[in-house]
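Please keep the sequence and the structure at hand while reading.

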Amino acid sequence: MKLIIDGDGCPVTDIVIKTGLKYNIPVILICDTAHYSEKQDCETIFVTKGADSADFVIINRAETGDIVITQDYGLAAMCLSKNVYVLNQNGFLYTHENIDGMLFRRHIGRQVRKSGGRSTHIPKRKKEDDIRFESCLTKLIDKIT
């Protein structure tokens, strides 16, 4: 098992690394050169800046039973097809049962923005969000090991 972080703007990287160390699980941080972030205690892979460049590296490295941390629904869907666990930065577990609805809502949101509409405001991250994420990640690891 590996913990793979979609590092492009991921607010929980340090929590994932700390949890990986606690459980002796290797952590891989993958990000493009626009999101340069060198961290201790994990393997860091930099990819060229470009649409979905980090996503393709992640999907090629992910194997059955790994855990990927991402907020990207498209990447989550690809990971699920490989029987990879996928968790977002708020501790929400993507599943085969919920991913289609999320992809559909993303599509509708793009259509609204394309026609001049606005998206809802995303609230600022709080300490409680980090606590919830860490708890969910720990419970998932305990469940699958």
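Thr13 is buried in this predicted model, because its relative accessible area of 7% falls under the 20% cut-off for that class. The residue belongs to helix α1, which spans residues 13–23. Once neighbours within four places in sequence are left aside, Thr13 is in contact with Ile5, Leu29 and Lys39.

**Aromatic pairs**

- Two aromatic pairs are present in the structure, and one of them joins Tyr73 to Tyr94 in an edge-to-face arrangement, with 6.0 Å centre to centre and 70° between the planes.
- This pair links distant parts of the chain, since Tyr73 lies in helix α3 (residues 73–81) and Tyr94 in strand β6 (residues 93–94), 21 residues apart.
- Phe92 and Tyr94 also pair edge-to-face, because their ring centres are 5.8 Å apart and their planes stand at 90°, an angle over the 60 degrees that this class requires.
- Through these ring pairs, Tyr73, Phe92 and Tyr94 are linked into a cluster.

**Accessibility of the ring residues**

- Tyr94 has a relative accessibility of 2% and therefore counts as buried, the cut-off for that class being under 20%.
- Tyr73 counts as partly exposed because its relative accessibility is 26%, a value in the range between the buried and exposed classes.
- Phe92, at 35% relative accessibility, likewise counts as partly exposed.

Methods:
Residues are numbered from 1 along each chain as its sequence is written. This is a predicted model: local features need pLDDT of at least 70, side-chain atom pairs count only at pLDDT 80 or more; totals for chains, interfaces and linings use all residues. Side-chain values use heavy atoms; hydrogens and water are left out. Rings of Phe, Tyr and Trp (its six-membered ring) pair if their centres lie within 6.5 Å; planes under 30 degrees apart count as stacked, over 60 as edge-to-face and the rest as tilted. Helices (H or I, at least four residues) and strands (E, at least two) are DSSP runs, numbered from the N terminus. Buried means under 20% relative accessible area, exposed over 50%, partly exposed in between (1.4 Å probe, protein chains only). Contact means heavy atoms within 4.5 Å.
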